[in-house]
Amino acid sequence: MRAPTNWLRNSRATAARIVFGKRPACRSPLIFSGLKWRWLLDHIPGLRQQAEAGDALFGTVDTWLAWKLTGLHVTDVTNASRTQLMDLQTLDWDEDILNLFGIPRKTLPQIHSSSEVFGVAGAPLPGVPLAGILGDQQAALFGQACLKPGQAKNTYGTGCFLLMNTGSTPVHSTSGLIATLGYKLGDDRPVYALEGSIAIAGALVHWLRDNLGLIENSAAIEPLAAQRAR
């Protein structure tokens with residue numbers, strides 16, 4: 001993570017401030033994959049040439065799964081929004097950010113809504129339509145039926161993530177929250193969300209158990225936390 005972040009600070013830093021300053025949703029780069037793709041292009045021999053020739057493709061995990069199932073290079077708006085490369089308004093790849101990162105557009109998947117028939121799977125699910133793609137936390141927002149502006153979910157796992165439905169208009173936080181896509185159903189207007197993230201939550205319990213040896217099993221953390229609360 002340090003190497004891509006150092007590139008953002010040191011290489012073309014003024015341009016980066018200008019580009020991201022106009023895009024409040026893009027100011028927290030560490031959770032996004034765009035910088036990591038740039039790092040791969042700079043450090044894997046021959047990859048830049050393959051990308052320029054259209055022989056190398058990028059994508060998040062959903063894109064890889066869709067490729068393996070259907071042979072199509074696709075993603076949805078929620079996953080595309082997690083790359084730091086998509087314009088939240090147009091729902092298309094942002095040419096200014098692509099130019100800043102030096103990422104060829106031809107390497108990126110085609111962006112679709114979250115709910116439509118993307119294609120039909122081959123083996124091991126021959127004939128089954130692939131009809132939905134959602135990012136991790138956005139799927140939790142939708143699955144918890146936070147379908148109206150103001151409704152929010154908080155999920156606890158490796159990290160802790162709060163997402164709030166903000167309706168059909170992105171809301172840009174002044175307190176460090178991230179504006180993101182919540183979901184988009186077919187031809188309907190996109191639904192946006194605000195996200196607050198804590199990268200380490202459940203993983204901290206494992207650290208206390210495995211690294212510090214303060215507890216013998218994960219369940220032992222609850223009585224300790226209850227004592228502290230009192």
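## Helix α5 and its surroundings

The buried residues of helix α5 pack against β1 (74-76), α6 (77-81), β5 (115-120) and β6 (129-132). Contact here means heavy atoms within 4.5 Å. Helices (H or I, at least four residues) and strands (E, at least two) are DSSP runs, numbered from the N terminus. This is a predicted model, in which local features need pLDDT of at least 70 and side-chain atom pairs count only at pLDDT 80 or more, while totals for chains, interfaces and linings use all residues. Residues are numbered from 1 along each chain as its sequence is written, and side-chain values use heavy atoms, with hydrogens and water left out.

Helix α5 covers residues 61-70, and its buried residues are Asp62, Thr63, Ala66 and Thr70. Seen down the axis of α5, these buried residues fall within an arc of 100 degrees, so they line one face of the helix. The arc is that of the directions from the helix axis to the C-beta atoms. Val61, Trp64 and Lys68 are exposed, on the other side of α5. The terms follow relative accessible area: buried means under 20%, exposed over 50%, and partly exposed in between (1.4 Å probe, protein chains only).

## Thr70 and the end of the helix

Thr70 belongs to helix α5. Leaving out residues up to four places away in sequence, Thr70 touches Gly119, Val120, Ala121 and Leu130. Thr70 and Gly122 are 52 residues apart in sequence, yet their C-alpha atoms are 6.1 Å apart in space.

After α5 comes Gly71, which has a positive phi near 80 degrees.

Strands of a sheet pair through backbone hydrogen bonds, either parallel or antiparallel. In this model, four strands form an open sheet in the order β7-β8-β10-β9, and the pairing is antiparallel. At the edges are β7 (152-156) and β9 (178-183), each of which pairs on one side only. From one strand to the next, the twist averages 30 degrees. For such angles, axes are lines fitted to C-alpha atoms, for helices over the stretch in contact, and angles run from 0 to 180 degrees between N-to-C directions. Two strands count as paired if DSSP finds at least two bridges between them.

Strand β8 covers residues 160-167 and pairs with β7 in the antiparallel sense over five bridges. The two strands form a hairpin, with three residues between β7 and β8. Asn154 has Leu162 in β8 as its bridge partner, and Lys153 stands opposite Leu163 in β8. Strand β8 also pairs with β10 (residues 191-198), again in the antiparallel sense, over seven bridges. There, the bridge partner of Leu163 is Glu195 in β10. How much of β8 is covered? Six of its eight residues are buried, so to describe the strand as mostly covered follows from the cut-off of under 20% relative accessible area.

## Salt bridges

How many salt bridges does the structure hold? There are seven. A salt bridge is a side-chain nitrogen of Lys or Arg within 4 Å of a carboxyl oxygen of Asp or Glu. One of them joins Asp42 and Arg38, with the closest N and O atoms 2.7 Å apart. Asp42 and Arg38 are four residues apart in helix α3 (residues 34-43), which means that about one helical turn separates them. Asp42 is partly exposed at 40% relative accessibility, whereas Arg38 is buried at 14%.

Another salt bridge links Arg48 and Glu52, whose closest N and O atoms are 3.7 Å apart. Both residues lie in helix α4 (residues 47-52), four residues apart, or about one turn of the helix. Arg48 is partly exposed, with a relative accessible area of 22%, and Glu52 is partly exposed, with 43%. A further salt bridge is formed by Asp210 and Arg209, with 2.6 Å between the closest N and O atoms. Asp210 counts as exposed at 51% relative accessibility, while Arg209 is partly exposed at 26%. Salt bridges that share partners join Arg38, Asp42, Arg48 and Glu52 into one network.

## Cysteines

A disulfide is a covalent bond between the sulfur atoms of two cysteines. In a model, a disulfide is counted as a pair of cysteine sulfur atoms within 2.5 Å. The structure holds zero disulfides. Cys146 is buried at 4% relative accessibility, and Cys160 is buried at 11%.
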